[in-house]
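Please look through the sequence and the model below before reading on. The paragraphs after it are meant to be read with both in view.

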Amino acid sequence: DAKTTQPPSMDCAEGRAANLPCNHSTISGNEYVYWYRQIHSQGPQYIIHGLKNNETNEMASLIITEDRKSSTLILPHATLRDTAVYYCIVGSNNAGNMLTFGGGTRLMVKP
Amino acid sequence: GAVVSQHPSWVICKSGTSVKIECRSLDFQATTMFWYRQFPKQSLMLMATSNEGSKATYEQGVEKDKFLINHASLTLSTLTVTSAHPEDSSFYICSASAGNTGANVLTFGAGSRLTVL
């Protein structure tokens, strides 16, 4: 069973912020939230991860609600090259554990 | 940063032949690697977990005799699709964790697209 729920698709205007939501209401206390994206015909690319605090890096910001049941990935100034499928995954922080991908959100950034 | 290399990036083969795909961690050692398969317009599906020095763990529904996995060193895992058929045509992607971030951040290879005629 999928651990996360994401809208199947979203559009965003170039230069505007893209806010991608994810519901993970059954997340366990020790599970992290990971975000990856996959540009067409390439392997997934890691974006960001977090446990309970909001996180920011050079690619994006991750906002996790206080109850940890949902999160939002924010791309502050979307470009055409950000068009991709974005996957929200919850999983253990143990390096030996696999991550299970759900359906993801297909983000289309438009000029 | 951690880099995972896959080879070949694409391969076309005749039905009934076997195809080997290599997955290498270039700048880190990986005791565990993961093999995923992705059909067009679908998400990634985990096929198996490759463990260095021991047998791979296969997900339910994945035939271990058809998809042979060998993880003979800390930097190399191979997936062999034996007696390939057109329904095996897919995008195969491997991944591994460098384990240096305090979390399970996976680095993915660029993928190998298999077309079976």
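This is a predicted model: local features need pLDDT of at least 70, side-chain atom pairs count only at pLDDT 80 or more; totals for chains, interfaces and linings use all residues.

Residues are numbered from 1 along each chain as its sequence is written, chains are lettered from A and ligands numbered from 1 in the order in which they are written, and side-chain values use heavy atoms, with hydrogens and water left out.

Chain A contains 0 helices and 9 strands, where helices (H or I, at least four residues) and strands (E, at least two) are DSSP runs numbered from the N terminus. Its order along the sequence is accordingly β-β-β-β-β-β-β-β-β. The radius of gyration of chain A, taken over C-alpha atoms, is 13 Å, which agrees with the value near 13 Å that a compact globule of 111 residues would have; the globule rule is 2.2 Å times the number of residues to the power 0.38. Along the principal axes, the C-alpha trace of chain A spans about 40 × 30 × 25 Å.

Of the 111 residues in chain A, 43% are buried, a term that means under 20% relative accessible area, with exposed meaning over 50% and partly exposed lying in between (1.4 Å probe, protein chains only).

Charges come next. Lys and Arg count as positive and Asp and Glu as negative, whereas His and the chain ends are not counted, and the place of a charge is taken as NZ of Lys, CZ of Arg, CG of Asp or CD of Glu. On this basis chain A has 9 positive and 9 negative charges, whose mean positions are 3 Å apart. Side chains of opposite charge can pair when their charged atoms come close. Over all chains, the whole structure holds 5 salt bridges, each being a side-chain nitrogen of Lys or Arg within 4 Å of a carboxyl oxygen of Asp or Glu.

One of these salt bridges joins A:E31 to A:K3, with the closest N and O atoms 2.6 Å apart. Because A:E31 lies in the loop between strand 2 (18-23) and strand 3 (32-38) of chain A, and A:K3 in the segment before strand 1 (9-13), the pair ties together parts that are 28 residues apart in sequence. A:E31 counts as buried because its relative accessibility is 8%, whereas A:K3, at 44%, counts as partly exposed.

In another salt bridge, the side chains of A:D82 and A:R37 meet at 2.8 Å, N to O. A:D82 sits in the loop between strand 7 (70-75) and strand 8 (84-91) of chain A and A:R37 in strand 3, so this pair ties together parts that are 45 residues apart in sequence. Both A:D82 and A:R37 are buried.

What is the nearest side chain of opposite charge to A:R68, which is buried yet has no salt bridge? It is A:E31, 6.2 Å away. A:R68 is placed in the loop between strand 6 (61-64) and strand 7 of chain A, and its contacts, leaving aside neighbours within four places in sequence, include A:E31, A:H24, A:L51 and A:K52.

Chain B has 0 helices and 11 strands. For its 117 residues a compact globule would have a radius of gyration near 13 Å, and the 14 Å of chain B agrees with this. Buried residues make up 50% of chain B, and its accessible surface comes to about 5,600 Å², of which 52% belongs to carbon and sulfur atoms.

A salt bridge in chain B joins B:D88 to B:K66, with the closest N and O atoms 2.9 Å apart, and both B:D88 and B:K66 are buried. Finally, B:S95 is found in strand 9 of chain B and is buried, with a relative accessible area of 0%. Not counting residues up to four places away in sequence, B:S95 touches B:M33, B:F34, B:Y36, B:L106, B:T107 and B:F108.

Key: Contact means heavy atoms within 4.5 Å. Accessible areas come from the Shrake-Rupley method with a 1.4 Å probe; for residues, only the protein chains shown count as cover.
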